[in-house]
Amino acid sequence: MSSNTESSVLNAPPKSGTRWLWFHKLSSPPYAYRTSGVLRPWFLWSALILMAIGVYGGLMLAPPDYQQKDSFRIIYVHVPSASMSLMVYVVMAVASAVGLIWRMKLAHALAAACAAVGAWFSVLALFTGSFWGKPMWGTWWAWDPRVTSELIQLFLYLGFIALRSSFEDTQRADRASAILAIVGVVNVPVVKYSVVWWNSLHQGPSITLTKSTIDPSMLWPLFVMLLAYALYFAAVMCDRLRVEILKRERNASWLTDIGAK
Amino acid sequence: MSEFLDMGGYGAYIWPCYALTLIVLVGIAVSARRALAAEHTRALRRAQANQELST
């Protein structure tokens, strides 16, 4: 499909049967623009409600840890930020790959929308980790495998943003930054398994698929927060994706329709 | 209440984490909203200019 005639893509019937209809629909910028506007309030409000429940459960209901006492309560903002810093990157890399392979503008728009948000999640993971490290490890900062690889994760986001801004042309920025995003994805398993592969100050994984070493009273607020963060990210993405769509659809006629509303 | 804020002596570490998290999470949502409003206005103006050119 041609990348310049979006309105014809919207109206053209899919060539390979109805199986790909949803894909064609979703990859059409006007449809994605409308859909993200409809979905945003649902993501946002469910995220805020879950966050309120998760914070209440984590700060008020969960008992102090037998070793770490009350300091473990940082977990409810640290782990969701850290896990989102990896998840957002995976979304960014997959979207970049889809954009490169199928030359889909919307996928590049999604990848571009991810970067700043992912960078902020990395900052939060590092900051809350530092404030947890001070009382538990006795230092604000250590060149520990987990900490260092998470710092590299932040630099990957910043590099992606810097590389994009060095191009005037959006399409060239899309292609160059997509390659960086795809190559950088190797750091995601490094961050995740750094505590297993190397001797790290950072505590090992407490939650695995087979068993969890955390008491249920401490665990459920964490799962609520993880879900809340993912939904909050989705809500922010709805706006960020719309920004990127508008930037790319400079001459599209459907823009006048959204102005009429 | 002061016992809750003290967090068994760890309040000085816990509250900055929650405070910065709140600031950043609100910040990314607000900045996205603002960017969308600005881009929307710009796109609208551009589309109207194009329409005037074509008529």
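The model is a predicted one, so to speak of local features takes a pLDDT of at least 70, side-chain atom pairs count only at pLDDT 80 or more, and totals for chains, interfaces and linings use all residues. Residues are numbered from 1 along each chain as its sequence is written, chains are lettered from A and ligands numbered from 1 in the order in which they are written, and side-chain values use heavy atoms, with hydrogens and water left out.

Chain A comes out with 10 helices and 0 strands, where helices (H or I, at least four residues) and strands (E, at least two) are DSSP runs numbered from the N terminus. Along the sequence that reads α-α-α-α-α-α-α-α-α-α. Of its 261 residues, 48% count as buried; buried means under 20% relative accessible area, exposed over 50%, and partly exposed in between, with a 1.4 Å probe and protein chains only. Taking contact as heavy atoms within 4.5 Å, residues 24 or more positions apart make up 73% of the chain A contacts with a separation of 6 or more.

Next, the open space. Pockets and cavities were found on a 1 Å grid over the protein atoms alone: a cavity is a set of points where a 1.4 Å probe fits but cannot get out, a pocket is an open set with protein on both sides within 12 Å along at least five of seven lines, and lining residues have an atom within 4 Å of a point. Grid points are joined across faces, edges and corners, and a volume is the space filled by probe spheres set on the points.

The largest pocket holds about 1200 Å³ of space. It is lined by 44 residues, of which A:Val79, A:Ala82, A:Ser83, A:Arg146 and A:His202 are the closest to its centre. In chain A, helix 4, helix 5 (105–137), helix 6 (145–165), helix 8 (187–197) and helix 9 (216–248) each put at least two residues into this lining, and helix 4 gives the most, with 9 residues. Sorted by class, the lining of the largest pocket has 30 nonpolar, 11 polar and 3 charged residues. Here Ala, Val, Leu, Ile, Met, Phe, Trp, Tyr, Cys and Pro count as nonpolar, Asp, Glu, Lys and Arg as charged, and the others, Gly among them, as polar.

The second largest pocket has about 560 Å³ of space. Among its 22 lining residues, A:Leu26, A:Ala32, A:Leu106, A:Leu110 and A:Leu241 are the closest to the centre. Helix 2 (21–26), helix 3, helix 4, helix 5 and helix 9 of chain A each supply at least two residues of that lining, which divides into 19 nonpolar, 3 polar and no charged.

On to the cysteines. With a disulfide taken as a pair of cysteine sulfur atoms within 2.5 Å, the structure holds 0 disulfides over all chains. A:Cys238 is in none, and its nearest cysteine sulfur, that of A:Cys114, is 12 Å away. A:Cys238 counts as buried because its relative accessibility is 5%, and B:Cys17 does so at 0%.

A:Gln68 sits in the loop between helix 3 (29–61) and helix 4 (75–102) of chain A, and it counts as buried because its relative accessibility is 15%. Its side chain makes a polar contact of 3.2 Å with that of A:Gln203; a polar contact is a pair of N or O atoms within 3.5 Å, where within protein one must be able to donate a hydrogen and the other to accept it, and residues adjacent in sequence count only if both atoms are side-chain atoms. Setting aside residues up to four places away in sequence, A:Gln68 touches A:Trp132, A:Met136, A:Gln203 and B:Tyr10.

A:Ser96, in helix 4 of chain A, is buried at 1% relative accessibility. Beyond its neighbours within four places in sequence, A:Ser96 contacts A:His108, A:Ala111, A:Phe160, A:Ala178, A:Ala181 and A:Ile182. A:Ile152, in helix 6 of chain A, is partly exposed, with a relative accessible area of 40%.
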